[in-house]
Each structure stands twice: as structure tokens, then as C-alpha cells.
Amino acid sequence: MAAAAGGGGRRYALLLALRDSEYARKLYGGYYNVFVAALGGEGERWDSFRVVDGEFPAPEDLARYDGFVVSGSPHDAHGDDAWIRRLCALIRTVHAMKKRVLGICFGHQVLCRALGGRVGKACGGWDVGVRKVTFVQHPEGFEFHRDLEVERLPQSASIIEVHQDEVWEIPPRARVLAYSEKTSVEAFAVGEHALGIQGHPEYTTDILHNLIDRLTNENAIQRCVGEDARRTAAETGGPDRRFWTALCKGFLGGGGASSRPPHVPMRESPEVSSRAVIGCFAAAPMAPQLACSASTSIN
């Protein structure tokens with residue numbers, strides 16, 4: 001377990017499903033610091049567990065935590081690795097204890113899987129860049145935004161995306177909260193204690209650019225896809241990071257005036273309904289597989 005930050009206040013467990021990149025270590029001291037800087041608050045204690053290496057909180061310690069955050073990962077949430085199966089079991093346990101669980105990217109997908117949904121390869125291929133996410137207004141069964149003292153979620157907000165897997169079918173009793181042009185489930189919630197976000201609220205734009213370099217150099221994405229991803233960051237001015245981090249803090253902390261997300265201007269867009277099943281063959285429009293062409297766009 002990594003050294004804790006803060007003390008005396010609320011306590012959180014950060015479940016790291018990835019290893020630190022050289023860039024993250026050099027610039028931030030590791031992903032633990034990236035997450036705590038983005039989501040942590042004064043007086044809080046954050047303990048990290050490298051679950052990808054089999055490091056998990058002890059069962060007798062679970063009750064001590066107010067919430068759990070599951071990070072992104074280069075691994076597949078639909079994989080059969082022993083640590084992924086163990087992580088699913090842990091999520092089910094703490095969810096039954098009504099602990100708040102926030103899943104980000106891989107964490108979003110593994111949260112879905114653990115609670116009975118389905119995940120798999122994205123029908124439209126890689127999604128890399130800064131993407132506008134549209135919120136479902138007044139989603140049924142979603143209550144914690146009232147704790148944040150907002151009458152309604154904003155119409156949309158931009159977030160950094162780096163993923164090639166996605167949620168196909170949300171868990172029973174879950175509600176879709178947000179979608180994008182490329183991904184049908186950008187966020188979902190199960191009651192007031194489980195929240196999945198496909199994008200990366202914790203990422204800064206420089207981390208995105210480093211990831212684009214790495215994915216391009218490793219031939220994981222085509223160079224033109226990387227160029228389009230950089231274009232989305234330049235054209236949007238970056239993600240609405242203050243909004244997303246405030247939303248995550250509000251969820252983990254149970255809301256309150258101090259955790260109210262900053263205002264994001266409303267934009268008009270067609271109304272959509274939450275759906276229990278989202279997959280490759282659902283009726284929702286899905287973007288085609290990314291390819292290099294003059295019309296290729298990630299945003």
C-alpha cells in the first residue's frame with residue numbers, strides 16, 4: 001500500500017489498475033499523485049493499492065473507507081486475469097456495503113461488469129482526444145446531483161478520452177447519464193453509490209499528448225488518429241476539467257455546497273432517453289471504425 005495523504009477526515013482507497021508511466025513518474029511522481037491532486041480534498045486520507053499487481057485492501061479494512069476509486073488501465077475489463085476477477089468481487093462487496101465507488105475508464109467498464117452489465121471492444125474503435133459528452137437531463141433514479149445543489153446537469157461538457165473498450169450493456173437498475181457521438185455510455189450510475197465515467201476527469205492535456213505519442217510510437221493507433229486527437233485538444237481548448245473533478249468530488253463526498261460543480265454553459269441538443277441495453281447492434285448511432293481520411297474526426 002502506498003503512503004497515505006491527509007488524515008483525520010474522510011478516507012478513500014485508490015485502486016490502481018495500471019503501472020506508472022515514465023512520464024507520470026517524472027512529472028507527477030506517479031498516477032497516485034495525479035488522482036489525489038485532481039480528486040482529493042483537505043483533511044482527506046487517500047490510500048492506494050496497485051491491484052494490477054495483486055495488492056488489495058484487507059477485507060477487515062473495507063468498512064474504514066468512505067469510498068473507492070478504480071483507475072484506468074491498459075488491460076481489458078472483460079479479461080479473465082485473476083486480479084480483474086478479484087477486483088470485480090471487491091467492487092460487488094463494497095457496493096453491497098453501500099460504499100461509494102467511482103470507476104474511471106477501465107474502472108467504469110469493470111464497475112459495469114462487476115454489477116452485472118456487459119463490456120467489450122468499442123464498435124467504433126479507438127477514441128482518443130477531447131470529446132464533448134452530452135448529459136441525459138433528469139435521469140430517472142439518479143439523485144446525487146441534488147446533493148451538489150444543481151437543479152440539472154449541464155447539457156454537455158468536454159472530457160479527455162483514451163479507450164478502445166466500452167460498455168455494451170449497463171447493469172440492472174443502472175441509468176445512463178451521458179453519451180457522446182462515438183460512445184453510447186459515457187457515464188452511468190447505480191443508485192447513489194456507484195458512478196462510472198468513461199473519460200478521464202483526472203487527466204491534464206499534457207498527459208493526453210504524452211499518451212498520444214506513446215500510442216502512436218507503439219503502433220497502437222495510426223498517426224492520423226493521433227493527429228486528429230491533438231486537433232480536438234487544440235480546437236476545444238482542453239477538457240472542462242474543473243467541472244468533472246468537482247462532480248467526482250461531490251459524488252465521493254456525498255455532495256454539499258463546497259463541492260458544487262462550476263457552471264458549464266447550456267447547449268441545445270436533441271433529447272435522448274436512458275436505455276438498459278447499449279451495444280454494437282443497438283439502434284443508437286455509432287461512429288464507424290476510425291481510418292485516415294480527410295473527413296476523419298474523433299470529436
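The model is predicted. Eight helices and eleven strands are found in the protein chain, and 55% of its 299 residues are buried.

**Whole chain**

- The protein chain has an accessible surface of about 12,900 Å², and carbon and sulfur atoms account for 49% of that surface.
- Among contacts in the protein chain with a separation of 6 or more, 77% join residues 24 or more positions apart.

**Helix 2**

- Helix 2 spans residues 31–39 and is largely enclosed by the rest of the structure, because seven of its nine residues are buried.

**Helices 6 and 7**

- Two packed helices are described by the angle between their axes and the distance between the axes.
- Helix 6 (residues 205–217) packs with helix 7 (residues 223–236) at an angle of about 170°, and their axes lie 9 Å apart.
- An angle over 145 degrees counts as roughly antiparallel, so helix 6 is roughly antiparallel to helix 7.
- From helix 6, the residues Thr205, Leu208, His209, Ile212, Asp213 and Thr216 take part in the contact.
- Their partners in helix 7 are Arg223, Gly226, Ala229, Arg230 and Ala233.
- By residue class, the contact of helix 6 with helix 7 comprises four nonpolar, four polar and three charged residues.

Technical notes
Residues numbered from 1 in each chain as written. Predicted model: local features only at pLDDT ≥ 70, side-chain atom pairs only at ≥ 80, totals over all residues. Heavy atoms only, no water. Helix = DSSP H or I, 4+ residues; strand = E, 2+ residues; numbered from the N terminus. Buried < 20%, exposed > 50% of the residue type's maximum accessible area, 1.4 Å probe, protein only. Contact = heavy atoms within 4.5 Å. Areas by Shrake-Rupley, 256 points an atom, 1.4 Å probe, with all protein chains shown as cover. Axes fitted to C-alpha atoms, helices over the stretch in contact; angles between N-to-C directions. Parallel < 35°, antiparallel > 145°, perpendicular 65-115°, else oblique. Nonpolar A, V, L, I, M, F, W, Y, C, P; charged D, E, K, R; others polar.
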